[in-house]
Amino acid sequence: MMTISDADKRDETRSPHHLWSYLNGEFITADSALLPVTTQAFNYGTAVFEGIRGYAHHADNTVNVFRLDDHINRLIQSALLLLIDDLPEPQALKALTLALLKKNDVEDDCYIRPIAYKRHLLPGTGFGVKLSGVSSGLSVNSLNMRAYIKQGGVKCTVSGWRRIADNSIPARAKITGSYVNSALAMEAAHRGGYDDAIMLNHHGYVAEATTSNVFIVKNRTLITPPVTAHILEGITRSTVIELATTCLDLRVEQRDILPSELLTADECFLTGTGVEISPVIQIDHRKLNSMDEKSISLSVKGLYEKLVRGQLTAFNHWLTPVC
């Protein structure tokens, strides 16, 4: 007979992913969704992805996917930069994503990860790093996910690693290979006792954190780096700008931010599908007011949480039900 401790150990080792995944035209079990070691994306980082969240509705616990159309459109745009031009049409991508969630009987908060990747060399194509002459693949997997960032605020450091320039690897695309840049910065931050790192671009201005966009608050004005600062055009970032201007009547500036301005801000918060809205309580030696009871950071966080749960009906067009 299985003991309680044995059951607990089994739960600890169980994969967080849902049972079913999508891979190259079919739904298969996640543990059998495998790729050969010769896959071009594995060897050279030539893949693009999206991180998408689904949220249980506040009233009836149905699950709604947040801004699914926008994520799919960005995935396709990213893929085109790597000459992955044979993906299903947007509506077909949307349909297969929803079908996967339904097949997995999703009833709670979840995370969806589609990946479009370079697969293998076509006949007559010579060995090497390239985009032409390489076939493409598509996978989609999902898993249960609730908030995983510290709810009491995060501590950040200004990283010594610079954000990759757009003319090196396109910043507006979520290219898998570029995330080694983020991994190096995050590892250094963790080893220094911080939760995350804020990276500068090659001009010395604030770009973004390792997997999220950055906002600061000064004199009750929201300020965030512009898209020309070598940042990802974050979907959560654009959501925050919309919420701030329409619901909180705040002024939003998109402009370059020097590190000294970052360190003298009243508040700071990070935005992204994964981190959602994460107030920053400290940057290096400087402590911020981001978690104060009446802070703008907490106001934005509260609105965002209501929005994704279907409590702000004016924004329900951003919610796609799984049904």
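This is a predicted model: local features need pLDDT of at least 70, side-chain atom pairs count only at pLDDT 80 or more; totals for chains, interfaces and linings use all residues.
Biologist: How do you know how the reach of helix H4 compares with the expected one?

Modeller: H4 runs over residues 90-103, which gives 14 residues. From its first C-alpha to its last it reaches 20 Å, close to the 20 Å expected at 1.5 Å a residue. Buried residues in H4 are Leu-93, Lys-94, Leu-96, Thr-97, Leu-98, Leu-100 and Leu-101.

Biologist: What reach does helix H6 have, and what is expected?

Modeller: H6, residues 235-246, has 12 residues and reaches 17 Å from its first C-alpha to its last, close to the expected 16 Å. Its buried residues include Ile-235, Arg-237, Val-240 and Leu-243.

Biologist: Why is Ser-178 called buried?

Modeller: Buried means under 20% relative accessible area. Ser-178 has 8% relative accessibility and therefore counts as buried. This residue lies in the loop between strand E8 (154-158) and helix H5 (179-191).

Biologist: Which residues is Ser-178 in contact with, leaving aside its neighbours within four places in sequence?

Modeller: Ser-178 is in contact with Ile-164 and Ile-169.

Biologist: Which residues line the largest cavity?

Modeller: Ser-178 is one of the lining residues, and Ile-164 and Ile-169 are among them too. Others include Arg-163, Pro-170, Tyr-179, Glu-208 and Thr-210. About 80 Å³ of space lies in this largest cavity, and the structure holds 2 cavities of 30 Å³ or more.

Biologist: Why is Cys-156 too far from the closest cysteine sulfur for a bond?

Modeller: A disulfide needs two cysteine sulfur atoms within 2.5 Å. The closest cysteine sulfur to that of Cys-156 is in Cys-268, at 6.4 Å, so the two are too far apart for a bond. Cys-156 has a relative accessible area of 0% and is therefore buried.

Biologist: Is Cys-323 buried or exposed, and what makes it so?

Modeller: Exposed means over 50% relative accessible area. Cys-323 has 72%, so it is exposed. Its sulfur is 14 Å from the closest cysteine sulfur, in Cys-110, and this is too far for a bond.

Biologist: How many disulfides does the count come to?

Modeller: The count comes to 0 disulfides.

Conventions. Residues are numbered from 1 along each chain as its sequence is written. Side-chain values use heavy atoms; hydrogens and water are left out. Helices (H or I, at least four residues) and strands (E, at least two) are DSSP runs, numbered from the N terminus. The expected span of a helix is 1.5 Å times one less than its number of residues. Buried means under 20% relative accessible area, exposed over 50%, partly exposed in between (1.4 Å probe, protein chains only). Contact means heavy atoms within 4.5 Å. On a 1 Å grid over the protein atoms alone, a cavity is a set of points where a 1.4 Å probe fits but cannot get out, and a pocket is an open set with protein on both sides within 12 Å along at least five of seven lines; lining residues have an atom within 4 Å of a point. Grid points are joined across faces, edges and corners, and a volume is the space filled by probe spheres set on the points.
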